[in-house]
Each structure stands twice: as C-alpha cells, then as structure tokens.
Amino acid sequence: SLDKIPTWREENRSNDNEEGKELTGGGGLSDKVSLYKGDITVLEVDAIVNAANSSLLGGGGVDGCIHKAAGSCLYDECQSLNGCETGKAKITSGYDLPARYVIHTVGPVARGHVGPTETNDLTSCYQNSLRLMKENGLSTVAFPCISTGIYGFPNEPAADIALNTVKSWIEENPDKITRVIFCVFLETDFAIYKKKMAVMFQDN
Ligand code: AR6
C-alpha cells in the first residue's frame, strides 16, 4: 500500500538528523510528495495518470501498460469518451488496477522542441489532472513523466514543469491532495527528479 512508499521527507530524514535540524512533523510540502522508480500500474493510489493519445484508445509506453493491467473494460469505457484534446484530461474507473481511477491526459507531441505551446500544454496536463482529483474528492495520485517517451519532450524541462506545477497546486489547495507520487521509469528521470526535488522540497 501507500505506507510502503516513503514521502520525500521520510526518505531524507537521516540527512535532517545529521544536520541537527528539528523534524517539524506534518503539513509541509515534503510530506505530500514521493519519488518512486518503477511501474505505475502497481501503485495503490486513488488515481494513476495515463500519458495517453487523443484517441484515448490505447497505445505503447505507459498507456499500453495501463490498459494491459486494467483489462478490456478500461478500453470499453474509453471508447465512450470521444477522445481528449492535448493538455486536457478525462477520468475513468481503474478496473483491474489497484488504483481506483485512471486520469487520462494527452501530452504535447514535442519531438525535442520546447516552445511556449509545448510548455503550456504540458503544464495543462498536470493542472487538469489535479483539477479532476479535486472535483472527484480524490487525495492520492501518481504521475508518469508525461510526453517524455514516444512524444519526445526533453526530460529536464519536462521535470521542471511537472514539479513546479504540482508544487504550486499543493500550495494553492493545501487540504485536498495528501500525496503526489512522481513515478519515474528511467534512471535518467530518477536522477533529474532527485536533484530538483532536493532543492524544491527542503521544508526549512
Ligand atoms: N510505469 C511508469 N512509467 C512508464 C511505464 C510504466 N509501466 N512504461 C513506460 N513509462 P510514453 P508519451 C514511462 O511513451 O511520451 C503511447 O503510445 C516512459 O519510460 O509512455 O506521453 C500513447 O498512446 C516515459 O518516461 O508517453 C501515446 O500515443 C514515460 O512513461 C504516446 O505513447 C512516458 O512515455 C504518448 O507518449
């Protein structure tokens, strides 16, 4: 369950102690985020986010993994949704997944280029997914590295957008979300997120 995945604060507690800092307990940003490397389909959260395409009818990458693990009822529900525009998000049941819901969002096709359109669209993916969390009263969510696979959004700027957008959302909606898991799959993304999170979620 979620208890097995440490929060960013829990994972960095030993460092806090070495520096002799006081542990402040709950409520801080670092209590609400985790960095997890592995398969998003095993996570027992209220919702996992799918990096889908505009058809919402499945594909490769994380989308293929999610459809495979959720079973064909997910495909059936997705068929009733009439697709999804880039930057928008739609929610379905999680079916055979341990997650209760899947939030399907469509990242920009970047092919290595990061301009204002790609930046705005990827930001909207995170915002609209979090908005669906709020509208459905959900509190724990896992995000994959949207657009950074087949869609070719460069990893470093994509991580900046993911982390900054989630951080702002938590700050502006402090009671709604209790945990956001950044679910990375590749060692390169793990290293990028670890470095950036150390700077962003210090809570001191
Ligand atoms: N769990 C977590 N992350 C994963 C998993 C998994 N099981 N499998 C892959 N990743 P991508 P995109 C990572 O290509 O770039 C599909 O065909 C992967 O290593 O899945 O948004 C859709 O139907 C990468 O870091 O999504 C669309 O057509 C990240 O997930 C298109 O790909 C995103 O890579 C969307 O492309």
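In what order do the strands of the open sheet lie, and with what kind of pairing? In this predicted model, in which local features need a pLDDT of at least 70 and side-chain atom pairs count only at pLDDT 80 or more, totals for chains, interfaces and linings use all residues. Residues are numbered from 1 along each chain as its sequence is written, and side-chain values use heavy atoms, with hydrogens and water left out.

The open sheet consists of six strands in the order β1-β6-β5-β2-β4-β3, and its pairing is mixed. Strands (E, at least two residues) and helices (H or I, at least four residues) are DSSP runs, numbered from the N terminus, and two strands pair if DSSP finds at least two bridges between them. Strands of a sheet pair through backbone hydrogen bonds, either parallel or antiparallel. At the edges stand β1 (33-37) and β3 (89-93), each of which pairs on one side only. Direction ignored, neighbouring strands of this sheet are turned by 25° against each other on average. Strands β5 (residues 140-143) and β6 (residues 179-184) run parallel and are joined by four bridges, and Phe143 stands opposite Phe182 in β6.

Helix α5 (residues 116-135) touches β2 (47-52), β3, β4 and β5, and its direction makes about 155° with that of β4. Helix α7, in turn, touches β1 and β6, and its direction makes about 160° with that of β1. Such axes are lines fitted to C-alpha atoms, for helices over the stretch in contact, and the angles run from 0 to 180 degrees between N-to-C directions.

Helix α6 (residues 155-172) packs against helix α7 (residues 187-200) at an angle of about 40°, with the two axes 10 Å apart. The two helices are therefore oblique to each other, given that angles under 35 degrees count as roughly parallel, over 145 as roughly antiparallel, 65 to 115 as roughly perpendicular and the rest as oblique. Their crossing is right-handed, a term used if the near helix is turned clockwise from the far one by less than a right angle. Residues of α6 in this contact include Ala159, Ala162 and Leu163, and those of α7 include Ile192, Tyr193 and Met197. The residues of the contact of α6 with α7 divide into seven nonpolar, three polar and six charged, where Ala, Val, Leu, Ile, Met, Phe, Trp, Tyr, Cys and Pro count as nonpolar, Asp, Glu, Lys and Arg as charged, and the others, Gly among them, as polar.

Helix α6 also packs against α5, at an angle of about 35° and with axes 9 Å apart, and this crossing is right-handed. By class, the contact of α5 with α6 has eight nonpolar, four polar and two charged residues.

The axes of helix α3 (residues 61-70) and helix α4 (residues 72-79) come within 6 Å and cross at roughly 115°, which makes α3 roughly perpendicular to α4. Ile66, His67 and Ala70 of α3 make this contact with Leu74, Tyr75 and Cys78 of α4.

As to confidence, the protein chain averages a pLDDT (the predictor's confidence in each residue, from 0 to 100) of 93. Where pLDDT is low, the predicted coordinates should not be read in detail.

How values were computed: Contact means heavy atoms within 4.5 Å.
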